[in-house]
Amino acid sequence: MTTPAELSIPQGWDEITPEWMTSALAQHFPGAEVDTVRVALRDDGTNRRARLALGYSAGSGPATVFAKAVDPEHADLVALTSGLYHEPRLFSSGVPLPLDHPTVYTAIIVEDRRDFLMIMEDVVARGADPRDSTRPMTVDQAAAGVRGLARLHSEFWGDRLTGNPTLGWVEPFVAFEGLEYAPLHIAHQRLGDTVPAEILALSGTELFVDIWARYIGSLTTSSLSTPTLLHGDPHIGNTYVLPDETVGFLDWQMVRRGSFSLDLGYFLQGALTIEDRRASERDLTLEYRDALRLPADEMPSADDIWLGYRASVAHGLAIWMATLSGGDAWQRADICLAFAQRYAAAFVDLETPQALDTICG
């Protein structure tokens, strides 16, 4: 039988044979022999994605799996903003991640073809409830999420990451080019008077260069830039809630190294309603600090965590204003609007430009 490491990448979901899937699952489900593979759902976005239903002639394995691969039409965009191979590299490394995420059964990379394919757990089969911005979390669920991020960050804080040769390929989070060309007037028109006037007054250069790129630069150069392993894209649309209220994180394609603040702020400010965020964010940043497992001399102060959290709104606001400016090409309008409104309110509430000035000096 072909081993997972020797598998090729089928060019379409319909080309995945039972024999291929048997090999892909072999390490996690020894003795399982797949006899049927059926496409149950296609969910293409910037990557090709599908839920595959499986049947077995021997042994046992998952009834469904989730498959993810490169979409050639979006490969350049993904390479620019995310990195084509970061997620399969992470899960091929064998490094355990101390928070809930889908189990990856097989990850294949073919760089000369600019292609990868991942076969992973379908977390819905575990009772997971995938979320998006139109279905915000409760404060307790958000607290579970920040505890998970704190475990992740603690495990790879400082030289636990930079001294780990298995993760030597992880890149710093840097500002990617192109956001400054977003037609921001479209986002302004769609938002109307649902956001503070200060947001509508921002030009593209102010938002994407003076604020966003400056914040991203601080992730590796400021006094708060002790590196850790970042999920990199932990907005609520990349999360799920399990029946026991555990929060898990999907889509690790943006994995990077940099300051904790990006993950913490991007998650919290988008996962909660504006009202819940205002009422609970101080306590939730303390919840994050309490969940960090670090020696006293490495532990950031509560004030430093709060300062980084305030500055981090720069990222969420820029990303979702740019996404909203693109029409419905990348996300549904209601999802984009909810995100833009939440990050816009946080930007004003938390006085993000002033926090950024303090961090950057």
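Predicted model: local features only at pLDDT ≥ 70, side-chain atom pairs only at ≥ 80, totals over all residues.
Colour residues 104–110 for E4 and 115–121 for E5; the two strands pair in the antiparallel sense over six bridges. Pairing here requires at least two DSSP bridges between the strands. Helices (H or I, at least four residues) and strands (E, at least two) are DSSP runs, numbered from the N terminus. Now pick valine 104, and you will find methionine 120 of E5 opposite.

**Helix H1**

Next, select residues 18–25. Seven of the eight residues in H1 are buried, meaning under 20% relative accessible area with a 1.4 Å probe, protein chains only. Among them are Trp20, Met21 and Leu25. Show the neighbours too: the buried residues of H1 pack against E1 (33–42), E2 (47–58), E3 (64–70), E4 and E5.

**Threonine 64**

Move to strand E3 and click on threonine 64. Its relative accessible area is 18%, so this residue counts as buried. Look for the polar contact from its side chain to that of aspartate 122, at 2.7 Å. Such a contact is a pair of N or O atoms within 3.5 Å; within protein, one must be able to donate a hydrogen and the other to accept it, and residues adjacent in sequence count only if both atoms are side-chain atoms. Leaving aside residues up to four places away in sequence, threonine 64 touches Arg51, Leu52, Ala53, Asp122 and Ala125, where contact means heavy atoms within 4.5 Å.

**Serine 222**

Jump to the loop between helix H8 (204–221) and strand E7 (228–230), where serine 222 lies. Serine 222 is buried, at 14% relative accessible area. Its side chain reaches the backbone nitrogen of leucine 224 at 3.1 Å. Draw a line back to leucine 117: the two C-alpha atoms are separated by 37 Å.

**Charges over rings**

Finally, show arginine 48 over the face of tryptophan 13, 4.7 Å from the ring centre. Then find arginine 282, whose charged end sits over the ring of tryptophan 306, 4.0 Å from its centre. The rule asks for NZ of Lys or CZ of Arg within 6 Å of the ring centre and within 35 degrees of the ring normal.

Technical notes. Residues numbered from 1 in each chain as written. Heavy atoms only, no water. Buried < 20%, exposed > 50% of the residue type's maximum accessible area, 1.4 Å probe, protein only.
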